[in-house]
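Please look over the sequence and the model before reading the notes.

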Amino acid sequence: QGLPYAFASHFAPRFMQQAISLYRDNFKPSAVLDKPYVMLGVPLIAADSDEQAHYLATSAYQRILALFRGQSLLMKPPVATMDGLWLPHEERAVQDFFGLAAIGGPQTFKQRLEQIVQDTGADELIFTGDFYHFADRLRSFDILASIKTA
């Protein structure tokens with residue numbers, strides 16, 4: 001009550017709207033805040049093109065698939081396709097996990113972030129990104145930093 005609220009959407013995106021509503025509905029002003037302040041943790045995979053971003057995202061997909069299977073969480077290199085690596089129900093579970101992810105080239109990425117803010121009314125976004133190569137992580141955050149918002 002009276003404090004900011006952070007939601008890690010990459011853990012439970014299907015519960016995000018409900019959690020935000022509960023927070024806003026029960027918020028009571030305090031010396032810290034006079035109105036609700038929502039921060040969302042968002043998985044990010046930005047690259048120079050949509051195709052490259054989706055390719056890089058396969059490392060994160062493999063990691064969450066391994067989590068579901070109780071396997072090692074060490075990052076694996078990206079793959080051309082996830083076909084044959086997951087079963088249909090596993091694919092749905094991984095895609096659900098990334099339900100709020102921002103994945104794409106600069107323009108797609110920017111549009112996705114704008115949509116997330118519009119849909120949630122978030123005051124602040126916090127980003128996480130799993131990449132096999134550190135240079136791809138840096139590039140992703142460079143793209144994020146270059147986006148101009150209203």
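The model is predicted. The chain has five helices and four strands, and 38% of its 150 residues count as buried.

**The chain as a whole**

- Starting at the N terminus, the order of the elements is β-α-β-α-α-β-α-β-α.
- The C-alpha trace spans about 50 × 35 × 20 Å along its principal axes.
- When contacts between residues at least 6 apart in sequence are considered, 67% of them join residues at least 24 apart.
- The chain exposes about 8,600 Å², and carbon and sulfur atoms supply 56% of this area.

**Helix α5**

- Helix α5 covers residues 134-146, which makes 13 residues.
- From the first C-alpha of α5 to the last, the distance is 19 Å, close to the 18 Å expected at 1.5 Å a residue.
- The buried residues of α5 are D136, S140, I143 and L144. Viewed down the helix axis, the buried residues fall within an arc of 100°, and they therefore line one face of α5.

- Q62 is located in helix α2. Q62 counts as buried because its relative accessibility is 10%, and the cut-off for buried is under 20%.
- Apart from neighbours within four places in sequence, Q62 is in contact with K76, P77, P78, V79, M82 and L85.
- F68 also belongs to helix α2. With a relative accessibility of 41%, F68 counts as partly exposed, since that class lies between the 20% limit for buried and the 50% limit for exposed.
- Together with L67 and L73, F68 makes a nonpolar surface patch of about 260 Å².

**Q95 in helix α3**

- Q95 is found in helix α3, which covers residues 88-97.
- The relative accessible area of Q95 is 34%, so Q95 is partly exposed.
- Beyond its neighbours within four places in sequence, Q95 is in contact with Y61 and W86.
- Q95 and L67 are 28 residues apart along the chain, and 14 Å separates their C-alpha atoms.

Note on methods
Residues numbered from 1 in each chain as written. Predicted model: local features only at pLDDT ≥ 70, side-chain atom pairs only at ≥ 80, totals over all residues. Heavy atoms only, no water. Helix = DSSP H or I, 4+ residues; strand = E, 2+ residues; numbered from the N terminus. Expected span 1.5 Å × (residues − 1). Buried < 20%, exposed > 50% of the residue type's maximum accessible area, 1.4 Å probe, protein only. Arc of directions from axis to C-beta. Patch = residues over 30% accessible without salt bridge, like charges linked within 9 Å, V, L, I, M, F, W, Y side chains within 5 Å. Areas by Shrake-Rupley, 256 points an atom, 1.4 Å probe, with all protein chains shown as cover. Salt bridge = Lys/Arg side-chain N within 4 Å of Asp/Glu carboxyl O. Contact = heavy atoms within 4.5 Å.
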